[in-house]
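Here's a quick tour of a protein chain, with an eye on charges and strand pairing. Have the model open as you read.

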Amino acid sequence: MGAFFVYILKASVYLAILYLFYSILLSKETFYRYNRTALLLLIPLSFIHPLYPVHTAVPETYSNTTILDSKIPIGIIAVLSIYLIGILYFITRYVCTIIKLLRLIRSGEKYTDSDGLSLVVISQSIAPFSWFGKIVISKADFQNHRREILLHESAHIRKHHSWDLLAADLCIGLQWFNPAAWLLKRELQTVHEYEADNYVLEQGIDAKQYQLLLIKRSVGSKFYYITNHFNHNKLNKRITMMLKKKSNRKATLKYLYVI
């Protein structure tokens, strides 16, 4: 178990370094698909790199003394215990969130629209969100802002964003102590929203009206952290990115530099 914990520590360092490269070089570019791919690749790369042994030029030396006491120090046991408690807490919280989410979905009215989307309309006030193949929307939003919201959430479903969040949550589960893991998921959610917003505008929705709707739905709403939700909290960045000029194609050379 001690060796596994050391491996996780190494993986967390690699993830922090890789995320730093992404944050400095790529986060402000408008190549949303590339950024999403880059963020997702950081997760397996951070776990793969520690598997390769690091060779040094200093020769190994061995002691002739016999190790009489092979007991694990109390300090290491305490650290491992804290780590395992953190994993257990995260799993418990995740399972409880899924249970609440499934109860909410079961409580709503089920519909299938003309595009084959699975809709769940609920009476309570809640920010629209999507989770795998389902879109959950309040009755008020369904009546007043159906087209914009369904376009946005359908983009999340078609691009399989829920699977991305699942991968990010698995990474957090193993590296819950690593700020880079949490930052990576938050950045991944933001990129998801960039992709969905861009899709909505491509369908002919007026940009100003859409931005006003985002601002209106950003107050007093409830959402689940494991879902893709309409009023993602990085609203200022989303509006800025909508207005931003598209990145020059030459900027793609940055991805080669990161590789």
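The notes below cover the ground rules, a hairpin, some salt bridges and a charged patch.

## Ground rules

This is a predicted model, so to speak of local features we need pLDDT of at least 70, side-chain atom pairs count only at pLDDT 80 or more, and totals for chains, interfaces and linings use all residues. Residues are numbered from 1 along each chain as its sequence is written, and side-chain values use heavy atoms, with hydrogens and water left out.

## The hairpin

Strands β1 (residues 109–112) and β2 (residues 118–122) run antiparallel and pair over four bridges. Strands here are DSSP runs (E, at least two residues), helices likewise (H or I, at least four), both numbered from the N terminus; pairing takes at least two DSSP bridges between two strands. Five residues sit between β1 and β2 in this hairpin, and G116 in the turn has a positive phi of about 85°.

Across from V121 in β2 you'll find E109. E109 also makes a salt bridge with K139, with the closest N and O atoms 3.8 Å apart; the term means a side-chain nitrogen of Lys or Arg within 4 Å of a carboxyl oxygen of Asp or Glu. Since E109 belongs to strand β1 and K139 to helix α4 (residues 139–144), the pair ties together parts that are 30 residues apart in sequence. E109 is partly exposed at 37% relative accessibility, and K139 is partly exposed at 33%. (Buried is under 20% relative accessible area, exposed over 50%, partly exposed in between, using a 1.4 Å probe and protein chains only.)

The whole structure holds seven salt bridges. In one of them, the side chains of R36 and D164 come together at 2.5 Å, N to O. R36 is in helix α2 (residues 32–48) and D164 in helix α6 (residues 161–174), so this pair ties together parts 128 residues apart in sequence. Both R36 and D164 are buried.

D169 and K185 form another salt bridge, their closest N and O atoms 2.7 Å apart. This one links D169 in helix α6 with K185 in helix α7 (residues 179–202), 16 residues apart. D169 and K185 are both buried. Through shared partners, salt bridges also join R36, D164 and E195 into one network.

## Where R103 sits

R103 is part of helix α3, and its 55% relative accessibility makes it count as exposed.
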